[in-house]
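Keep the coordinates open while you read.

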Amino acid sequence: MTSLLRNKRTLYLCKVNIENNITKYKEPEKIETNYQPTNSEGEMIALGPEYSEFLRIKDNPSIGKKFGNGDKCYVFITPPSEHDFLCKNADFIVSGEPLITLNESEVTLKRLTGKKQWKI
């Protein structure tokens, strides 16, 4: 996957914040990055009913370090104007810890909602 500036799309990241065993999320942070649909295990682009079940983000390490396991993302949904501490309407969650290498990072997002629509 190439990281061309012209291919970058917007998503909003809500970092997980656990206080007194209560899971809350910080305000959405706007991130410009590249993502593509994929299956859960490989590099192949998924086809069929799993097409939009997972997204894979490949970008530079500085972007990958922003993500953490359990963070929620608004990818195809615009975040509400008033911050929701539970991010109930977020459509993706970070699945596992991001893989960060010297020149590249890889983050896998898993769909939370049943609504499947793509921005092109």
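The notes below cover cysteines, strand pairing and one glutamate.

The model is predicted. The structure holds 0 disulfides. Strand E1 pairs with strand E4 and with strand E7. Glu106 is buried and has a polar contact to Arg56.

**Cysteines**
- A disulfide is a covalent bond between the sulfur atoms of two cysteines.
- The closest cysteine sulfur to that of Cys14 belongs to Cys87, at 3.2 Å.
- The cut-off for a disulfide is 2.5 Å, so the sulfurs of Cys14 and Cys87 are too far apart for a bond.
- Cys73 is in no disulfide either. Its nearest cysteine sulfur is that of Cys14, 7.4 Å away.
- Cys14 is buried, at 0% relative accessible area.
- Cys73 also counts as buried, with a relative accessibility of 0%.

**Strand pairing around E1**
- Strand E1 spans residues 9–14, and strand E4 spans residues 29–33.
- E1 and E4 run antiparallel and are joined by 5 bridges.
- Leu13 stands opposite Glu29 of E4.
- Strand E7 covers residues 72–74. Its pairing with E1 is antiparallel, over 3 bridges.
- Tyr12 has Tyr74, in E7, as its bridge partner.

**Glu106**
- Glu106 sits in strand E10, residues 105–111.
- The relative accessible area of Glu106 is 16%. Buried means under 20%, so Glu106 counts as buried.
- The side chains of Glu106 and Arg56 are joined by a polar contact of 3.3 Å.

Definitions and conventions
Residues numbered from 1 in each chain as written. Predicted model: local features only at pLDDT ≥ 70, side-chain atom pairs only at ≥ 80, totals over all residues. Heavy atoms only, no water. Helix = DSSP H or I, 4+ residues; strand = E, 2+ residues; numbered from the N terminus. Buried < 20%, exposed > 50% of the residue type's maximum accessible area, 1.4 Å probe, protein only. Polar contact = N/O pair within 3.5 Å; in protein donor to acceptor, adjacent residues only side chain to side chain. Pairing = 2+ DSSP bridges.
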